[in-house]
Each structure stands twice: as structure tokens, then as C-alpha cells.
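Dear colleague,

Please find the structure below. My notes on its strands and its pocket follow.

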Amino acid sequence: MARRRGKGRRKTTWILTIGLVTLISLETGLATTVIGLLKRMMISPSSCSVARVVDGDTLDMSCQGKDEERVRIIGIDAPEISKPGCVSEAVAGYRAKVALQWLVWRAKDVTARFDGRDKYDRTLAEVYLDGQSLAQTVIASGHARAYDGGLRQGWC
């Protein structure tokens, strides 16, 4: 669904930024910390494509030529579709899914930063559409709420 764009200029900008920050950090004695952060930034985010929106907080996607995998978006909880607690949750779940499909379809660039797996063996990731946090966008639209991994609230 999402289209990938060339990233030549972006890579050049990152390389120049890394060089400049490294030089500055060497002068101030923060080289180890800054280099560690820059390595993490270079490893991620990964350029991705979304194959399918499963529900309001889960995607099937592949990144940088790797096999497709199920990804749970970090930072949000959306209403359930597969086992809703009530009819209103099911309706809200389908609305959240359609909203997410629309956002993904409109995006020119999809990236993700991966952070382990959840108890259902889904890959956990912070997902960005055109550089904007998908979690924050979906929360702002009212189709999901912030979630930090603790006990979830009901939707009914």
C-alpha cells in the first residue's frame, strides 16, 4: 500500500549530521554517549511497506527487504475486532482499523523502530508515517488511547 521514495539526500544529511555531532562531542567529552545514540538512529528507523492493516494497533509489514511480519504499534491500545467485549467496541474497532488503513494508504514514507516482541510473538515497533508518530496521530484522532503495557481499560 505505502510507496517507498528515494532517500539519497536524507542519507547525506544524516552522514553530515553524524560527522558534525561527533566532532562536537569529541571536544566536549560526550563522544561515547552521542555515538551510541547515533548508532541507534542509523540502525532505525527502517524503511518499510505495509501489506495489511490487521486492526487499529496491528500491521503486517516488511522492512528493508525482510520477510513480512506482524507488528504491534508501541504506545497505543485500540478497540478489539476479533473478540470485542460489546457491540460498541466492535464498531469502534472497525472504525479504528479503517482510520489506520486511510493513514497508511496516504503515507508516502513508512518507517519503524523495532523494540522486541510481545506475549503474542508480534514484533513491537514505533511506526512513523511521513516522519510523524503513528501512535500520536491515532490517539489524537480518538481511534486509540495511550498504552504503556500495563493493565488495559475496557472499551465498553
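**Strands and pocket**

Strands β1 and β2 make a hairpin, with two residues between them. The model is predicted: local features need pLDDT of at least 70 and side-chain atom pairs pLDDT 80 or more, whereas totals for chains, interfaces and linings use all residues. Residues are numbered from 1 along each chain as its sequence is written, and side-chain values use heavy atoms, without hydrogens and water.

Strands are DSSP runs of E of at least two residues, numbered from the N terminus, and two of them pair if DSSP finds at least two bridges between them. β1 and β2 run antiparallel and are joined by six bridges; C48 has C63 in β2 as its bridge partner. β2 (residues 58-63) is mostly covered, with five of its six residues buried (under 20% relative accessible area, 1.4 Å probe, protein chains only).

β2 is also antiparallel to β3, through four bridges, and T58 stands opposite R72 in β3. Five residues lie between the strands of this hairpin, where Q64 takes a positive phi near 45 degrees.

The largest pocket has a volume of about 670 Å³. A pocket here is an open set of points on a 1 Å grid where a 1.4 Å probe fits, with protein on both sides within 12 Å along at least five of seven lines; lining residues have an atom within 4 Å of a point. The volume is the space filled by probe spheres set on the points, which are joined across faces, edges and corners. Of its 23 lining residues, R72, D118, Y120, R122 and R152 are the closest to the centre. β3 gives the largest share of the lining, three residues.

Kind regards

Methods
Buried means under 20% relative accessible area, exposed over 50%, partly exposed in between (1.4 Å probe, protein chains only).
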